[in-house]
Amino acid sequence: MLQIYCKNNNKSQSFPEGSSLLEIFQGFNLDFKLPVISAKVNNCSQGLKFRVYQNRDVEFLDITDSSAMRVYTRSLCFVLYKSASDVFPGCHLFIEHPISKGYFCNFQKADGSTATEEDVQKICARMQEIIDLDMPFRRNEAHTEEAVRIFRERGFEDKVRLLETSEAVYTDYYTLGDTVDYYYGALLPSAGYIKVWGLEKYHQGMLLRIPDRNNPSQLAPRLEQPKTFEVFSENLHWNNIMGLSNVGDVNHAIRKGNASELIQVAEALQEKKIVKIAEEIEKRMHGDNPVRIVLITGPSSSGKTTFCKRLSIQLLTCGIRPMSFSTDDYFVNRVDTPKFPDGSYDFENLAAVDCPLFEKHLKALLDGEEVEVPEYNFKTGLREYNGKKLKLSDNTILIIEGIHALNPALTPQIPEELKYKIYISALTSVSLDDHNWIPTRDNRLLRRIVRDYNKGAFTARQTISQWPSVCDGEEKWIFPYQENADVMFNSALNIEFAVLRNHAEAILSSVPKNCPEYSEAHRLLKFIHYFTPVSDKEIPPTSLLREFVGGSSFKY
């Protein structure tokens, strides 16, 4: 017998060796309002079929937990893939990126045609059959060479190329009925656990819809995001230029000695986009309604600061002098800052900014007046006036960067035609394989962990601990306004995980195993090990990536 300590009720109980988490959950007789999806064993995420052979701490999770939602979504993707393959033998399914509160799926039948409305309904019907049959997901462990052989026989070159470069001795793969697939995390015990889902026609493919995390009995509300979708399409075009559609392609290119070329092309493509944005601003600045303000926003660790500096350089080459104007200097005094229910300060709340004063000064500048602007003292929590004065000339444009920059409530009295709005984020890079995408938040979290550690600001454990509240703030104050942008800029580089691995590996390994943050550190460590490491020595000093790994030629 072994002892299991359950974190959900702070009780210990004896179980036979080899008991599954599902059996342990039933043994504790826990009362959950929502179905349990997965669990953490010694702070590592596991599926409910996982068997325990030693004394362990266990915490059971419902779908409102982010790791449990990942288990649910992966399982739903497998059901979709099996259903599409059953209905249309020889088809190709690419689960490409999150969009509209779901996941965009590029689908091609064996003859190369895309899905019709009727085709989507047929796939939906087969998905429901599999769910009603409660078909089990089965995990299989094999030598990586054997797993490569299995996938090569089935024509899955994306998985072959990934696993060939994974450096793993053994590989887990999954079966659902007679269908084989690979996923880099745990799945549900069976398809019957999937209760809330949707599939519908979307552009030239399909949209796989998932439950709303805050209300799991309903689908997450569909949002129209045409500009975001356009950026994803642009990224796929860039990847095609470079001949990279997945991580296996990147790894093989690195091992052939092409890392330098990959870096140079990726940087050149980003610079080309920045030049295009600067030229568009120049064009609109000399139009009938001249643009006078460039508003830039994006979530944490998007590379906004470096982007602003690189854009400023390109504007100078167009004969335009950029002038920075920060919303941070208009924070209200700390004593007046809104607070969360727990009493901590909510710095990301729009009410944390003195919007009336900000807009008053902005209007005065646009009217040609000289304005003494404040400077916020983050040590004292007070707004100070230190003699800093600004005035716009004819060839000057204001550059405003901040999390609320695209929120209409920040500058409601400034005419829209005077604004040029930019949204920047690490939106997408490459996928692990055709059915495993890379979450954009993982990209930004890894950047933030490395930057915080290198600057001595926070440990990896502290950064991971803060991340959920950062994401909550983004959901409330940034993402709702991203489609307001005139242009979106994808700051992700398809080789950056290979570079970040060298920095993040030791940092993540420092997170203690006995703390809750270890779960996320362990997951990210497993993730970055898919990438063949690359030294950052050939990353240019002006690269967006330098903002996080250090060595930038810009002063921050």
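How many positive and negative side chains does the chain have, and how far apart do the centres of the two sets lie? The chain has 65 positive and 74 negative side chains, with the two centres 2 Å apart; Lys and Arg count as positive and Asp and Glu as negative, while His and the chain ends are not counted. Each charge is placed at NZ of Lys, CZ of Arg, CG of Asp or CD of Glu. This is a predicted model, in which local features need pLDDT of at least 70, side-chain atom pairs count only at pLDDT 80 or more, and totals for chains, interfaces and linings use all residues. Residues are numbered from 1 along each chain as its sequence is written, and side-chain values use heavy atoms, without hydrogens and water.

**Overall fold**
- The chain has 15 helices and 25 strands, taken as DSSP runs (helices H or I, at least four residues; strands E, at least two) numbered from the N terminus.
- Buried residues (under 20% relative accessible area, with exposed over 50% and partly exposed in between; 1.4 Å probe, protein chains only) make up 55% of the 556 residues.
- The C-alpha atoms fill a box of roughly 75 × 55 × 45 Å along the principal axes.

**Ser 245**
- Ser 245 is found in the loop between α6 (226–242) and α7 (247–255).
- Ser 245 is partly exposed, its relative accessible area being 45%.
- Gly 550 lies 305 residues from Ser 245 in sequence and 28 Å away in space, C-alpha to C-alpha.
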